Structure formats: structure tokens, C-alpha cells
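Have the sequence and the model open side by side as you read.

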Amino acid sequence: ILQSTYGLFVLLMLCFYAGGGRISAIAAFACFAFCRPFFYSLLPAFCGQRFGFTHFGTIFGLLISISGFCNFGVQTLTTLASLYGFRPVNSLLGLLQLSTVVLPLLVLAKDRKKIKPKLLEKATEHERVRRKSSELDDGLLRSFSIRSFSMK
């Protein structure tokens with residue numbers, strides 16, 4: 001939900017810049033206002049799930065500190081916006097935010113690499129158990145056949 005709503009926000013902002021008017025700006029603000037509380041819970045949930053809770057405070061504190069230092073750039077962005085307008089500044093911020101897509105993709109690729117060997121291991125284990133079961137069945141049939149012939 002969060003990703004699709006944020007995508008809608010970006011789309012509405014592009015409509016606003018293209019001359020879409022006041023309605024697209026209000027709708028974009030509504031999307032942003034809807035998404036904002038979810039971002040507050042996303043970071044601690046990600047840190048806890050990804051890194052565990054042993055070092056949760058250290059990692060979460062580090063990320064909050066980094067975001068605090070990034071807030072020092074607001075004054076620079078305000079100055080750039082007053083000199084060149086909001087389009088170049090928002091385009092720059094959009095490119096920076098687009099680069100954050102890389103982290104989830106890296107995490108997903110790493111998880112897939114972990115899952116694939118586990119699946120192969122399970123498939124190999126299943127095949128080994130199936131062969132062992134087949135060998136036991138064959139041995140049981142042979143022993144039954146030998147007894148049948150020896151009783152005659």
C-alpha cells in the first residue's frame with residue numbers, strides 16, 4: 001500500500017508540474033499525509049527484522065543520526081529553490097530518492113541467494129529419502145519372494 005500510494009503521490013506531483021492545477025496538488029498532499037505515519041514505523045520494523053534486536057538501539061540510533069545530519073541540507077535546498085525554482089530541486093530530490101530503491105533490491109537478491117541453496121538442499125534430501133524408501137521396498141519384496149519360494 002505504501003509503495004503504490006507513494007507512486008501515486010509522485011504521479012500527482014508530475015501532473016501538477018505539467019500544469020494540472022490545484023486539484024492534483026491537493027491530492028498529492030493527501031497521499032503524502034496518508035504515507036507519512038507509515039514511514040515512522042517502517043524504519044524500526046526494518047531494523048529489527050533485518051538486523052535483529054541485539055544491536056537494534058545502535059543501528060536505529062545511527063540511522064536517525066544520519067537522517068538528522070541530512071536535515072542540515074534543507075537550508076541549501078531552500079536557497080537553490082529560491083534561485084532556480086522548485087523543479088530542479090525536486091528533480092534532484094527525486095533522483096536521490098530513486099537511488100534508495102537499490103537497497104531493497106540488494107536485500108531481495110541476497111535473500112534469494114540464501115533461499116535457492118536451501119530449496120536445492122531440501123530437494124536433494126527428498127530425493128535421498130525417496131531412494132532409500134525405494135531400496136527398502138525392493139529389499140522387502142526380494143525377501144518376501146525368497147521366503148515364498150523356500151516354503152514350497
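## Aromatic rings

Rings of Phe, Tyr and Trp (its six-membered ring) pair if their centres lie within 6.5 Å; planes under 30 degrees apart count as stacked, over 60 as edge-to-face and the rest as tilted. F53, F56 and F60 make up one aromatic cluster. This is a predicted model, where local features need pLDDT of at least 70 and side-chain atom pairs count only at pLDDT 80 or more, while totals for chains, interfaces and linings use all residues. Residues are numbered from 1 along each chain as its sequence is written, and side-chain values use heavy atoms, with hydrogens and water left out.

By the ring rule, the count comes to seven aromatic pairs. One of them joins F16 and Y17, with ring centres 5.8 Å apart and planes at 50°, so this pair is tilted. Both residues fall in the partly exposed class (buried is under 20% relative accessible area, exposed over 50%, partly exposed in between, using a 1.4 Å probe and protein chains only): F16 has a relative accessible area of 34%, and Y17 has 22%. F34 and F38, on the other hand, pair edge-to-face, at 5.2 Å centre to centre and 70° between the planes.

Helices here are DSSP runs (H or I, at least four residues), numbered from the N terminus. F34 and F38 both sit in helix α2, four residues apart, or about one turn of the helix. F34 is partly exposed at 41% relative accessibility, and F38 is partly exposed too, at 39%.

Now for T5, which is found in helix α1 (residues 2-20). Is T5 buried or exposed? T5 is buried, with a relative accessible area of 13%. Leaving aside residues up to four places away in sequence, T5 touches C31, F34 and C35, where contact means heavy atoms within 4.5 Å.

## How α2 meets α3

Helix α2 (residues 22-51) packs on helix α3 (residues 56-70) at an angle of about 140°, with the axes 10 Å apart. Axes are lines fitted to C-alpha atoms, for helices over the stretch in contact, and angles run from 0 to 180 degrees between N-to-C directions. α2 and α3 are therefore oblique to each other; angles under 35 degrees count as roughly parallel, over 145 as roughly antiparallel, 65 to 115 as roughly perpendicular and the rest as oblique.

Which residues meet? From α2 come L43, P44, C47, G48 and F51, and from α3 come F56, I59, F60, L63 and I64.

Definitions and conventions: Helices (H or I, at least four residues) and strands (E, at least two) are DSSP runs, numbered from the N terminus.
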